[in-house]
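I opened my notebook to look up a few things in one structure. Here is what I had on screen.

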Amino acid sequence: DTFWRNLEPQAPDALLAIIRHYREDSRPGKIDLGVGIYRDEQGRTPVMAAAKAAEGLLWQTQPTKAYLGAEGDVVYTALLAQLALGESLARSDRLVGVQTPGGTGALRLGAELLARASPGATVWTSEPTWPNHGPIFTQAGLRMRTHRYYRAGDREVDVHGMLADLAHARPGDVILLQASCHNPTGATLGPADWRQIAGLCERKGLTPFLDLAYQGLGDGLEEDAAATRLLLNELPDALVAYSCDKNFGLYRDRVGALWVQSESSERSDAVYSNMLALARSLWSMPPDHGAAVVRTVLEADDLRAKWSAELDTMRGRINALREALGASHPALAPLARQRGMFALLPLAPAQIAALRAERGVYMAGNGRINLCGLTLATVPDLLDALRHYLP
Ligand code: PMP
């Protein structure tokens with residue numbers, strides 16, 4: 001046992017422990033607000049009907065499973081670029097993209113590309129942010145700093161604090177920005193805020209890295225992509241990490257893409273060849289099945305319409321829960337203005353532990369809840385449990 005002696009044991013994923021405790025809890029009224037995925041009104045995470053239909057078509061007609069290249073399925077990436085970035089950006093010869101294993105793979109490939117292009121670059125993230133952002137970028141050798149994002153007092157975006165902190169960024173630094181449906185706060189930047197961020201990037205020579213993991217689950221497909229498109233239109237250089245895992249319900253199939261914009265098509269050629277070289281050493285090529293499902297859905301008008309209607313239903317459910325919770329208690333009013341599956345409840349760690357032990361209400365240790373763990377019928381149960389804790 002000498003070879004591994006330098007390895008320190010690592011803490012397990014805290015959320016997985018919560019999920020296990022929830023499963024072992026036999027109380028009938030227990031509520032799971034800890035999960036990170038969409039659930040319907042019956043508490044299920046079904047394969048979307050459009051995805052099932054696409055899988056049927058693939059099963060019948062897919063002619064081969066021979067290798068593709070490190071870029072993955074180029075038809076998938078092109079169709080997804082139109083969906084995410086719109087027609088004109090998708091056509092730009094300053095933009096290159098590859099299929100990746102999920103949004104995580106896109107972020108990691110982007111991080112490796114940044115480290116290659118500019119080894120000393122600092123990547124800025126919001127505090128708080130998705131817990132995997134830190135490890136993804138530091139593992140690639142980049143330095144990280146955080147900026148303010150969320151004001152715990154009124155639970156709104158702290159744009160002033162964000163811009164003040166980012167004023168300390170140096171030219172060449174990168175800002176990782178969640179494009180919509182901020183995880184974990186749900187607090188959302190408005191169009192004027194995004195224009196200020198674009199202006200700051202331009203003035204200071206900062207490169208935005210958009211993390212677009214929830215397109216269509218906030219205000220709508222076009223609306224949720226608006227900030228990403230604005231930044232790409234306003235700035236020479238940018239990166240976009242995309243995940244299809246939530247909006248197509250394909251989680252474990254690992255479906256994503258990374259796009260990189262540069263100021264000229266000549267630069268883009270060099271960028272693209274580096275993306276392919278890095279992808280080859282990371283995963284050789286991305287898994288095909290989920291991307292083939294997305295391509296099949298986006299290629300066929302009927303499947304695309306079916307998918308888009310299912311996505312509308314998902315978004316409608318999330319936003320109906322936000323309305324119901326927001327209207328139920330003054331302390332929860334900000335939830336109605338926020339977007340996406342997640343929100344932070346203003347609870348202390350001891351209160352979060354007590355809710356778990358005494359009421360069977362499970363949430364992450366920072367008070368993050370996934371609204372999809374609720375149904376309109378269980379909203380009053382949650383309120384009853386929170387009664388003593390909300391200000
Ligand atoms: N970015 C954010 C903000 C996320 O919340 C997630 C998923 N939890 C991802 C990226 C990664 O998604 P994927 O499962 O596609 O890797």
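My entries follow, topic by topic.

**Ground rules.** I am working with a predicted model, where local features need pLDDT of at least 70 and side-chain atom pairs count only at pLDDT 80 or more, while totals for chains, interfaces and linings use all residues. Residues are numbered from 1 along each chain as its sequence is written.

**The record.** I checked UniProt, where an unreviewed entry gives the annotation "domain: Aminotransferase class I/classII large" for residues 29–386. UniProt positions are in the numbering used here, feature names are shortened, and annotations may be inferred rather than shown by experiment. I looked up that span: 47% is helix and 15% is strand, and the end C-alpha atoms of residues 29–386 lie 14 Å apart. Helices (H or I, at least four residues) and strands (E, at least two) are DSSP runs, numbered from the N terminus.

Then I found a cis bond from Glu127 to Pro128, with omega near 5°. Pro128 sits in the loop between strand 3 (122–127) and helix 6 (133–139). The bond from Asn183 to Pro184 is cis too, with omega near 15°, and Pro184 is in the loop between strand 7 (174–178) and helix 8 (191–204).

Next I looked at phi. Arg155 has a positive value, near 55°, in the loop between strand 5 (150–151) and strand 6 (156–157). Ser284 has a positive phi of about 65°, in the loop between helix 10 (265–282) and helix 11 (289–299).

Are these two buried or exposed? Arg155 counts as buried because it has 21 C-beta neighbours inside 10 Å. Ser284 is exposed, with 10 other C-beta atoms within 10 Å. The cut-offs: 20 or more other C-beta atoms within 10 Å of its own is buried, 12 or fewer is exposed, and in between is partly exposed, with C-beta atoms placed from the backbone.

**The core.** I noted that nonpolar side chains tend to be buried together in soluble globular proteins. Here the largest nonpolar core has 106 residues, and Leu258, Met275 and Val294 touch the most other members. Such a core is a set of buried Ala, Val, Leu, Ile, Met, Phe, Trp, Tyr and Cys residues joined through C-beta atoms within 7 Å. What is Val294 in contact with, leaving aside its neighbours within four places in sequence? I found Tyr76, Leu80, Cys244, Phe248 and Val255; contact means C-beta atoms, placed from the backbone, within 7 Å.

Methods. Two residues are in contact if their C-beta atoms, placed from the backbone, lie within 7 Å.
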